[in-house]
Amino acid sequence: MLTIKQITEDTEKVIRGLEKKHFANAKEAIAKAIELNNKRRTAQGQLDNNLAEVNATSKTIGQLMKEGKKEEAEAAKARVAEIKEASKGLQAEMDQAAEDLQNLLYTIPNVPYDEVPEGASAEDNLVVKMGGMETELPKDALPHWELAKKYNLIDFDLGVKITGAGFPVYRGQGARLQRALINFFLDEARAAGYEEIMPPTVVNAASGYGTGQLPDKEGQMYHCNLDDLYLIPTAEVPVTNIYRDVILDEKQLPIKNCAYTECFRREAGSYGKDVRGLNRLHEFSKVELVRIDTPEHSRQSHQEMLDHVEGLLKKLELPYRILRLCGGDISFTAAICYDFEVYSEAQKRWLEVSSVSNFDTYQANRLKCRYRTANKKTELCHTLNGSALALPRIVAALLENNQTPEGIRIPKALIPYCGFDMIK
């Protein structure tokens, strides 16, 4: 969430940034925010003046009574009562303006960094790097949903029977491959200095507001109405909320956490858009990285996270590319974001497997996540997160890109985790 200080210090820069994100009502929203803040400040100023007058007048009442000036004392009492009554209206006006301002700020996205490219959609994202091994497949290469059926790895129809579309059942070597990837990703994160967290997979609304899923993405989240709880779309939500309403010591930063969870997304409006097989699911496994850092160090942290994700893709021997997202494609909460995509040779298309974002102070302001500097000053932290990695499309690419006439080859780095080197 933006702060009024950010908005008022450089209003035009904020508006330009929001327009880069294609926030249609940027000027109106910022103008309204300034108006509400001025209304709140005016009411606060009048309240402060009233309180000062009440205190000063109250002090005179006793003295007037001592001096026998009963009529003047009664007039002073009446004046105090009048001011207190007027202050009730001012307090209500100030509280309403503050509430309206808070609700408005919740709906305004983060301002992107200057290096975020202009653009309206994914087609305008900037490819900054390509890497990995080129794949040569047999002429009769199959997409992963056919390979899953051929080798009895994933049962999509059984998932429909048990739950519905988008909830596959993994079995046999398919289940073992899932578990191998989870353990591989967690071990790699732990070796890079991340503390593993096992958080809940349901959160309350306060957690959703803290990381910005609410009110932006409530239509994409599964909501448990009776208890007003949400199934998490990513471990980012519970792990980052560990630090909600917390003041850290600067010496603790950067904090590095990782977590494996199941993730749940309704994917509303996505029907018919590349939904075959594992391409788009409602429930999937993911290992997430979360960092809490100082403003001075967060860009270095972001680069370290990017390097970590790239290292995973190299070890998995997959062809990949890294994109810097444009203003029209970057998320509501991010100041800058890079996507990682792996190439599916059988589908002839790129599959997104990770987003690595720096949120600057946007989430921290909502979370009230702060740190105390060496000189005892309290500042907002920067928060960052990234997938390392999301499993479904990684599995899809591994199955498709490693198919051979003899079976599906397992990358060398995964063999100790799988316990087999070939799916047959």
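A residue counts as buried when its relative accessible area is under 20%. Keep that cut-off in mind for this predicted model. Take helix α12, residues 391–401. Of its 11 residues, 10 are buried, so the helix is largely enclosed by the rest of the structure. Among the buried residues are L391, P392, I394 and V395. A396, A397, L398 and L399 are buried as well.

Now step back to the overall layout. The domain assignment divides the protein into domain 1, residues 4–107, and domain 2, residues 122–423. Seven residues from domain 1 and 12 residues from domain 2 make the contact between them. The centres of the two domains, taken over C-alpha atoms, are 45 Å apart.

How much area do domain 1 and domain 2 bury between them? The value is about 660 Å². Carbon and sulfur atoms account for 54% of it. On the side of domain 1, three residues stand out: K21, Y106 and T107. Together they supply 75% of the area that domain 1 buries against domain 2.

The residues of domain 1 that touch domain 2 are two nonpolar, three polar and two charged.

The whole structure has 20 of them. One joins the side chains of K32 and E35, with N and O 3.7 Å apart. Both residues lie in helix α3, residues 26–66. They are three residues apart, about one turn of the helix. K32 has 37% relative accessibility, so it counts as partly exposed. E35, at 48%, is also partly exposed.

A second salt bridge links R171 and D155. Their closest N and O atoms are 3.7 Å apart. R171 sits in the loop between β3 (169–170) and α7 (173–191), while D155 belongs to strand β2, residues 154–155. The pair therefore ties together parts that are 16 residues apart in sequence. R171 is partly exposed, with a relative accessible area of 34%. D155 is partly exposed too, at 22%.

Another salt bridge brings together the side chains of E379 and K377, at 3.4 Å from N to O. E379 has 28% relative accessibility and counts as partly exposed. K377 is partly exposed at 49%. Salt bridges can also join into a network, as they do for E53, R79 and E82.

The last stop is H223, in strand β6, residues 223–224. Is H223 buried, partly exposed or exposed? Its relative accessibility is 34%, so it counts as partly exposed. Which residues does H223 contact, leaving aside its neighbours within four places in sequence? They are D228, L229 and Y230. With D228, the side chain of H223 makes a polar contact to the side chain at 2.9 Å. A polar contact of 2.9 Å also joins the side chains of H223 and N225. A374 lies 151 residues from H223 along the chain. The C-alpha atoms of H223 and A374 are separated by 42 Å.

Terms used:
Residues are numbered from 1 along each chain as its sequence is written. This is a predicted model: local features need pLDDT of at least 70, side-chain atom pairs count only at pLDDT 80 or more; totals for chains, interfaces and linings use all residues. Side-chain values use heavy atoms; hydrogens and water are left out. Domain bounds come from an automatic or database domain assignment. Contact means heavy atoms within 4.5 Å. Buried area is the accessible area (1.4 Å probe) that two parts lose on being put together, summed over both. Ala, Val, Leu, Ile, Met, Phe, Trp, Tyr, Cys and Pro count as nonpolar, Asp, Glu, Lys and Arg as charged, and the others, Gly among them, as polar. A salt bridge is a side-chain nitrogen of Lys or Arg within 4 Å of a carboxyl oxygen of Asp or Glu. Helices (H or I, at least four residues) and strands (E, at least two) are DSSP runs, numbered from the N terminus. Buried means under 20% relative accessible area, exposed over 50%, partly exposed in between (1.4 Å probe, protein chains only). A polar contact is a pair of N or O atoms within 3.5 Å; within protein, one must be able to donate a hydrogen and the other to accept it, and residues adjacent in sequence count only if both atoms are side-chain atoms.
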